Amino acid sequence: MPRRPAPLPADLGQVFTTVEATAADVGAERLRAGDLLVPTSGVRVLRSDEVTFESRARAFAAVLPQPFAFSHLTAARLLDLPAPRIWQPDEPLHVMRPKGTPLIVRAGVKSHRGLERRDTEFVDGLPVTDPIETWADLGSELAEDDLLAMADALLARDLARPKDLDRTAADRRTRGSAALRRCAPLARAGAASPWESKARHAFLSWGLPEPELNVDVFTPEGRWLAKPDFLWRERRIVGEYDGDQHRTNRSQWQYERERRAGLEDAGYTYVEMTSLSLVSRQHRRALRERLTRLLSE
């Protein structure tokens, strides 16, 4: 039976550098033991801990040269801004340093310059480019509807004001700045989810009138009916984006059915949509044709 590795000094913590371990009299053989993960050269993480995006970023931060800040998609994830895809362990960490400092050459890192022109802040002790700068840096990397979803989130969380987005987009002179300038004036604080933002981007790109977002709808007698995702008031049309919880949660599904019936009884046309309505060419075309017809009648 293989021997259990010797206990590590408690003050090393869950994530530590090999330099710290050596200073604590931990030998090279112990650092190769199977209970330790090697997320990047010079760092060890206790294998008992689940590897997450945050723990990976923290492990790399232990050996990255100062000054630096996480940027682009890495900063967006640390700031809990809507990302276009689920994190995967092989996704590179974006790191920014000031002009005149060496780029970081390390497996798993994508290095950028320009930190001297960015405001920064800390998230749980990790340095990141500030939310508006992060959004602007992603102008050349995200699809336009994902940029709008992130801009909506910045407004909804009071991380930016509309004029901040406008000014930042106008000041950029890099690839992707045109997309920023198109998205900034379209951002709305009332969007409740990234998919709602992406749906609104589709409506506007189709030339449809902009809907009101998440506003209360009442009967003429003043009885509350619903707070739909989208409302075209003059046409008495409501749109609802149904996420997966509407399918998997029976009580939520039942509530939505009853709410829909109440709206339709009050004379509203109910338009239901899902992620398939936006990502499938066939379903996207069908939604566009239906909304175009309803809003032009």
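L37 stands opposite V45 in β3. These residues belong to a predicted model, in which local features need pLDDT of at least 70, side-chain atom pairs count only at pLDDT 80 or more, and totals for chains, interfaces and linings use all residues. Residues are numbered from 1 along each chain as its sequence is written, and side-chain values use heavy atoms, with hydrogens and water left out.

Strand β2 (residues 36-37) pairs with β3 in the antiparallel sense over two bridges; strands here are DSSP runs of E with at least two residues, helices are runs of H or I with at least four, and both are numbered from the N terminus. Two strands count as paired if DSSP finds at least two bridges between them. β2 and β3 form a hairpin with five residues between them, and G42 in the turn has a positive phi of about 90 degrees. Strand β1 (residues 15-17) also pairs with β3 in the antiparallel sense, over three bridges, and T17 stands opposite V43. In a regular strand the side chains alternate between the two faces of the sheet. In β3 (residues 43-46), V43 and V45 point one way and R44 and L46 the other, and all are buried (under 20% relative accessible area with a 1.4 Å probe, protein chains only; exposed is over 50%, partly exposed in between).

Next comes β5. In strand β5 (residues 93-97), five of its five residues are buried: L93, V95 and R97 point one way, and H94 and M96 the other. Strand β4 (residues 69-70) pairs with β5 in the antiparallel sense over two bridges, and V95 is the bridge partner of F70. Strand β6 (residues 109-113) pairs with β5 in the parallel sense over five bridges, with H112 as the bridge partner of M96.

Not counting residues up to four places away in sequence, T168 touches I132 and A136, contact meaning heavy atoms within 4.5 Å. A polar atom of the T168 side chain lies 2.8 Å from the backbone oxygen of D164.

Definitions and conventions:
Polar contact = N/O pair within 3.5 Å; in protein donor to acceptor, adjacent residues only side chain to side chain.
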